[in-house]
Amino acid sequence: MRTSLDVSPRPGLDPVDYAVISQGLIAAAREMGVKLIRSAYSTIIREAADASAALFDRHGNVVAQAELIPMQLGPMSEIFRACAARHPVDKLAEGDFYITNDPYSGGQHLQDVFIYSPIFFEGQLVGFAGTVAHHLDLGGGNPGLTTEAVDLHAEGFVFPPSCYNYRRDWEDDGPLKRLLAANIRVPAQTIGDFDAQFAANVVGGERIRQLCQKYGAATIAQAMAQLIDYSETRFRAALAALPDGVYHGEDAIDDDGITDAPLVVKAKVTVDGDTIGIDFDGTCPQVTRNLNCPFSSTISAALTAVKSALTSPDIPFNEGLKKPVNITAPRGCLLNPEYPAPVRARMEAGYRAFNAVLKALAQVAPQQIIAGGNDATLVTSISHQDKGKYKVYLEVYGGGFGAATDTDGCDAVDSPLSNCTNTPVEATDMDFSHFRITGYALLPDSCGHGRQRGGLGFMRRFEILADDVNFAIYADRFRIAPYGLFGGTQGRCGRAEVLRKGEIIPIRSKDGMTLMKGDVLTIYTAGGGGYGPASERSPQAVLEDVRQGYVTPETARRMYGAAV
């Protein structure tokens, strides 16, 4: 077993200075995230917060990040290095920036565009500010979401790892901005969201320069390295406390949207001293639909599972957390697809990787693992074209969280990898005239039962106000229910339907259709699984669930034997 690292301040680094600088770096990254979200134009970022921000040292190592979207944040340094390989950092000048969204060059899916801005202090490169945002529309075969894309290029505009200059290529009416605007459906919103990313990077750069002005660039570089060492040390200590061994977990996506066959994901987790290996050998091959998960997303899902289950939340997520972890997946499988497989819905496979790792870890750290929940990404796009202009509404839905050993699952929250917030009804009323939201409520009895119950899913109902509204969806947990743990029961599956002239039309989890004026679309999200035997739940907790309307009296009697 490796001995723990020495985390005392590096030679020449004052402990008080280190404490102040390290918290200043984390605060700066968080401020970047706030700036990005508050400056954005689209509801998917402005309201749902589908964006992230981080600060890097001059070598591209993550030093600090805003606690926003785990899936986006995990591989930001790997994505940076793909850009640096094309344009070395020592050739960068003031105003340059890296940009990419290419899933086959370190990126994730095309809608997540990564932008990295170098930070110079007195002519010296001292670090980078980086942001990623989910953009509403980047072209492709369908507004917002192309469920039937045959390859990557049908999903939108590809930015290969590239370097541009802000003043020359973007500012005012620069050539890169004009090229992008000519290839997307909602240029005002999308360009506004890109500008929000640049603004957030400026904030991060300015905060680093202020720290350099006060403490000196060399001291800031030392503090960055020390913060990375600190996270590595604490993570290795957590791993070393686990018994060595090999543990297996498995989960599956409902289907690929074409056949009913589930898509199996397998994980082998090897704990060896203060290191951990995760191998996804045995996972099903890549598919023709957009459910393939680029390897950088697989890395992020696996890291999130390990970090959330085995470490304290106060350990900063940075490059140090990655050092004890080795993640592999065979080329050509669902979790490491070959170009040009479509990847728009990569979160579904990412969540199954997340669950498979958690199931493996449940064998070694049962008290630290939660049950299954609405651990999938349910995304809808409701778009309309009127007089040559598009309105594109994209929403990421939450659901019931899985229960834990001593805690009920949260109700109606987004899942761990995406961590988006809900879009308020008032925001949709302001921005969109082709639909209105007429219902939004928790779903009683949608939770799994146990000593701790799972969280409740919810429903959201849309009345369609125009003809020829384009609707698309990708989701999971419509057929394979969220699992319970250690005797807890499953949560209820999600579903979707359209009411048209008195007829209910079921919608599959990976589908699309044209909606007409008067249609009523309803989305039902999955509930979380329970933890432990239902017989061990306290009567007071059952009674409170009934009082709150979370569980009906009939279900309380049937599942808990409670006389209500």
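A salt bridge here is a side-chain nitrogen of Lys or Arg within 4 Å of a carboxyl oxygen of Asp or Glu. I kept that cut-off at hand for the pair Arg547 and Glu544, whose side chains meet in a salt bridge at 4.0 Å, N to O. The model is predicted.

Entry 1, helix α13. I looked up where Arg547 and Glu544 sit. They lie 3 residues apart in helix α13 (residues 539-548), so about one helical turn separates them. I then checked accessibility: Arg547 counts as exposed at 63%, and Glu544 as partly exposed at 34%.

I found a salt bridge between Arg209 and Glu206, with the closest N and O atoms 3.6 Å apart. These residues are 3 apart in helix α7 (residues 187-215), which means a separation of about one helical turn. Arg209 has 25% relative accessibility and is partly exposed; Glu206 has a relative accessible area of 34% and is also partly exposed.

I looked up Asp431 and found a salt bridge to Arg46, the closest N and O atoms being 3.0 Å apart. Arg46 is partly exposed, because its relative accessibility is 24% and buried would need under 20%.

Terms used: Residues numbered from 1 in each chain as written. Predicted model: local features only at pLDDT ≥ 70, side-chain atom pairs only at ≥ 80, totals over all residues. Heavy atoms only, no water. Buried < 20%, exposed > 50% of the residue type's maximum accessible area, 1.4 Å probe, protein only. Helix = DSSP H or I, 4+ residues; strand = E, 2+ residues; numbered from the N terminus.
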